[in-house]
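Here are some exercises to work through with the model open beside you. Try each task before you read its solution.

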Amino acid sequence: MSAYIQRLLGLRIVRYGLTGGIATLIHFSLALLLLAQWPQAFALANLLGFSLAFLFSYWVQTCWVFENQLSLANALRFLLVQLTALCLSVWLSSQLNQFHNIIKVGVVIVLLPALTFVIHRFWTFSRTESS
């Protein structure tokens, strides 16, 4: 079993998915903790949750998933991709109004991580660019 797990973790896409899952849990957990203390602070709780999850995700994706160096240029590209993905998810959900919410969320959580993985792989963490 250990050899199988090692082989899976050798796949960049698996490391990417695992990192994204943990980042989501960080965002969700921090937001819930803050909302338990300040129920009216929904926007602030999500902003802080997103921020901590973003920092974790950028650090782990840079160092472990894409095996690159931390840099301001990469961090800004990473942020741009993540914010664009957020906007795309809102737009995509609005285009799927005729479908049940489960279908809309399912499309977003499958399509957007795949798209952001490709963009991060070939743009954000491209080794051909100096950053």
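Helices (H or I, at least four residues) and strands (E, at least two) are taken as DSSP runs and numbered from the N terminus. The model is predicted, so local features need pLDDT of at least 70 and side-chain atom pairs count only at pLDDT 80 or more, while totals for chains, interfaces and linings use all residues. Residues are numbered from 1 along each chain as its sequence is written, and side-chain values use heavy atoms, with hydrogens and water left out.

**Exercise 1. The overall fold**

Task: work out how many helices and strands the chain has, and what share of its contacts joins residues at least 24 apart.

Solution. Start with the secondary structure: there are five helices and zero strands, giving the pattern α-α-α-α-α along the sequence. Next, the extent: the C-alpha trace spans about 45 × 40 × 35 Å along its principal axes. Then burial, where buried means under 20% relative accessible area, exposed over 50% and partly exposed in between (1.4 Å probe, protein chains only). Of the 131 residues, 29% count as buried. Last, take a contact as heavy atoms within 4.5 Å. Among contacts between residues at least 6 apart in sequence, 62% join residues at least 24 apart.

**Exercise 2. The largest pocket**

Task: find which helices supply at least two residues each to the lining of the largest pocket, and say which gives the largest share.

Solution. First, the terms. On a 1 Å grid over the protein atoms alone, a pocket is an open set of points where a 1.4 Å probe fits, with protein on both sides within 12 Å along at least five of seven lines; lining residues have an atom within 4 Å of a point. Grid points are joined across faces, edges and corners, and the volume is the space filled by probe spheres set on the points.

Now the pocket itself: the largest one holds about 1,100 Å³ of space. Its lining has 31 residues, with Gly 20, Thr 24, His 27, Gln 82 and Pro 113 nearest the centre. Go helix by helix: H2 (12–37), H3 (42–65), H4 (72–95) and H5 (101–124) each supply at least two lining residues. H2 gives the largest share, eleven residues.

Finally, sort by class: Ala, Val, Leu, Ile, Met, Phe, Trp, Tyr, Cys and Pro count as nonpolar, Asp, Glu, Lys and Arg as charged, and the others, Gly among them, as polar. That puts 18 nonpolar, twelve polar and one charged residues in the lining.

**Exercise 3. Aromatic pairs**

Task: count the aromatic pairs and list the residues that ring pairs link into a cluster.

Solution. Rings of Phe, Tyr and Trp (its six-membered ring) pair if their centres lie within 6.5 Å; planes under 30 degrees apart count as stacked, over 60 as edge-to-face and the rest as tilted. By this rule you get nine aromatic pairs. One of them is Tyr 58 with Phe 125, stacked at 6.4 Å centre to centre and 20° between the planes. This pair bridges 67 residues, from Tyr 58 in helix H3 to Phe 125 in the segment after H5. Both partners are buried, Tyr 58 at 9% and Phe 125 at 2%.

Now take Phe 66 and Phe 117: their ring centres are 5.8 Å apart with planes at 35°, so the pair is tilted. Phe 66 is in the loop between H3 and H4 and Phe 117 in helix H5, so this pair ties together parts 51 residues apart in sequence. Phe 66 is buried at 2%, and Phe 117 is buried too, at 14%.

Put together, ring pairs link Tyr 16, Phe 50, Phe 54, Tyr 58, Phe 66, Phe 78, Phe 117 and Phe 125 into a cluster.

**Exercise 4. Arg 15 and Glu 67**

Solution. Arg 15 is buried, at 6% relative accessible area. Leaving out residues up to four places away in sequence, Arg 15 touches Leu 9, Gly 10, Trp 64, Val 65 and Glu 67.

Most residues other than glycine have a negative phi. Glu 67 is partly exposed, at 44%.
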